[in-house]
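This briefing sets out selected features of one protein chain, grouped by topic. Please consult the sequence and the coordinates alongside the text.

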Amino acid sequence: MQEDELLRNGRLQKNAEITPAMLLSGLLLEQGPLGLLLAAAGAFHLLARREGREARWLGVAMVLVLVALSLAGGKPYYLGPAFPPLFAAGAVLAEALLPAWRPLRVAAVALTAGLVLPAAPIAIPLLEPSTTVAWMERLGVAPVRTERAFTQPLPQHQADQLGWPGQVAAVRAVVEGLPPGERATSPWISHHQLRAVAAARTRDPRRGRRASARDHNPHRRQSPLVDLTALVARRLGGRREDYASDFGEVELAGRTPALPDGMPYESAVPVYVLRGPRAPVAELFKASKNYQ
């Protein structure tokens, strides 16, 4: 029931609608034309050739997963774990069918390199964000928009990697500005699992700091219950009015850096210090949910 709630709210609040054509376009961008060709060869090897009959179940599973994700509007990267076995099967087929003539195999390797190298800056953050965007425009490709809040031309898997040292530094500055008693006992609560990681990076086990908790998607069920006697909760993200009814004092203690090329909801994130909880902090946390 909780998973149904997560999926339903993900579709309504966070994820953009992805058609089968958009899914294929995203796979083409992420895996490249040669990667998709090799994966298709692997599927053929597993499903149709006698040599692949021992692992035929794997080919059937990959096809069923692809069909299910297409019908459910899944994101392209959801299929990422399916490609390595298909690549391996495709390589077996290529080795069996390609003649052993050395010049032909050298040409195949050169063709692979020629197709893969231009896509490397898209798959891996090798360049500055603006340079990556310019390179994609030169290639005539654009990322599939998979989230409603993300409108940047940079691929989301790269935009998601920006700004985390700045978030850690902003959180640490707030921690170091608290009185020693509050600094040692108050928990962190975050709207997002990655922000929780940024908060946890400031944790000093020798001083008894609490691990961060988060109310984002299913992670709220995995988060530790925060200290019931805490005087202060430190909150990373959200709006002041979200906390005014639950805490007697809501202090905006800082903000994370702006991220012009990153995820919009990770740019200039407010850092609050919340004092005087009107109920045990653990109960307030249980009532909090975030599906964005």
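Ala 268 counts as partly exposed, because its relative accessibility is 27%, between the limits of 20% and 50%. The residue is placed in the loop between strands S4 and S5, and it has a positive phi of about 50° although it is not a glycine. The model in which these values were computed is a predicted one.

**Overall composition**

- The secondary structure of the protein comes to 13 helices and five strands.
- The protein has 292 residues, of which 39% count as buried.
- Of the contacts between residues at least 6 apart in sequence, 69% join residues at least 24 apart.

**The loop between S4 and S5**

- Thr 256 is placed, like Ala 268, in the loop between S4 and S5; strand S4 covers residues 247–255 and strand S5 residues 270–277.
- Thr 256 has a relative accessibility of 4% and therefore counts as buried, the cut-off being under 20%.
- A polar atom of the Thr 256 side chain lies 2.8 Å from the backbone nitrogen of Val 269.
- Leaving aside neighbours within four places in sequence, Thr 256 is in contact with Glu 266, Ser 267, Ala 268, Val 269 and Val 271, and also with Gln 167, Ala 170 and Leu 236.

**Packing of H2 against H3**

- Helix H2 spans residues 20–48 and helix H3 residues 56–72; their axes are 10 Å apart and the packing angle is about 155°.
- Since angles over 145 degrees count as roughly antiparallel, H2 and H3 are therefore roughly antiparallel to each other.
- The crossing of H2 and H3 is left-handed.
- On the H2 side, the contact is made by Pro 20, Leu 23, Leu 27, Leu 46, Leu 47 and Ala 48; on the H3 side, it is made by Arg 56, Leu 58, Gly 59, Val 60, Val 63, Leu 66, Leu 69 and Ser 70.
- The residues of this contact between H2 and H3 divide into 11 nonpolar, two polar and one charged.

**Packing of H2 against H4**

- The axes of H2 and helix H4, which spans residues 83–97, come within 7 Å and cross at roughly 60°.
- That angle makes H2 oblique to H4.
- The crossing of H2 and H4 is left-handed.
- H2 contributes Leu 27, Gln 31, Gly 35, Leu 36, Leu 38, Ala 39, Ala 41, Gly 42, Ala 43, Phe 44, His 45 and Leu 46 to the contact, while H4 contributes Phe 83, Leu 86, Phe 87, Ala 89, Gly 90, Ala 91, Val 92 and Leu 93.
- The residues of the contact of H2 with H4 divide into 15 nonpolar, five polar and no charged.
- Leu 27 and Leu 46 of H2 are listed both in the contact with H3 and in the contact with H4.

**Leu 23 in H2**

- Leu 23 is placed in helix H2 and is buried, with a relative accessible area of 3%.
- Apart from neighbours within four places in sequence, Leu 23 is in contact with Ile 18, Leu 66, Leu 69, Ser 70, Gly 74, Lys 75 and Pro 76.

**Leu 29 and Pro 143**

- Leu 29 also lies in helix H2, whereas Pro 143 lies in the loop between H7 and helix H8 (156–159).
- Not counting residues up to four places away in sequence, Leu 29 touches Ile 122, Val 141, Ala 142 and Pro 143.
- The C-alpha atoms of Leu 29 and Ala 142, 113 residues apart along the chain, are separated by 8.0 Å.
- Pro 143 is partly exposed, with a relative accessible area of 22%.
- With the same exclusion of residues up to four places away, Pro 143 touches Leu 29, Met 136, Pro 153, Leu 154 and Pro 155.
- The C-alpha atoms of Pro 143 and Glu 30 are separated by 8.9 Å, and these residues are 113 apart along the chain.

**Ile 124 between H6 and H7**

- Ile 124 lies in the loop between helix H6 (120–123) and helix H7 (129–139).
- Its relative accessibility of 45% means that Ile 124 counts as partly exposed.
- The C-alpha atoms of Ile 124 and His 157 are separated by 8.9 Å, although the two residues are 33 apart along the chain.

Methods: Residues are numbered from 1 along each chain as its sequence is written. This is a predicted model: local features need pLDDT of at least 70, side-chain atom pairs count only at pLDDT 80 or more; totals for chains, interfaces and linings use all residues. Side-chain values use heavy atoms; hydrogens and water are left out. Axes are lines fitted to C-alpha atoms, for helices over the stretch in contact, and angles run from 0 to 180 degrees between N-to-C directions. Helices (H or I, at least four residues) and strands (E, at least two) are DSSP runs, numbered from the N terminus. Angles under 35 degrees count as roughly parallel, over 145 as roughly antiparallel, 65 to 115 as roughly perpendicular and the rest as oblique. A crossing is left-handed if the near helix is turned anticlockwise from the far one by less than a right angle, and right-handed if clockwise. Contact means heavy atoms within 4.5 Å. Ala, Val, Leu, Ile, Met, Phe, Trp, Tyr, Cys and Pro count as nonpolar, Asp, Glu, Lys and Arg as charged, and the others, Gly among them, as polar. Buried means under 20% relative accessible area, exposed over 50%, partly exposed in between (1.4 Å probe, protein chains only). A polar contact is a pair of N or O atoms within 3.5 Å; within protein, one must be able to donate a hydrogen and the other to accept it, and residues adjacent in sequence count only if both atoms are side-chain atoms.
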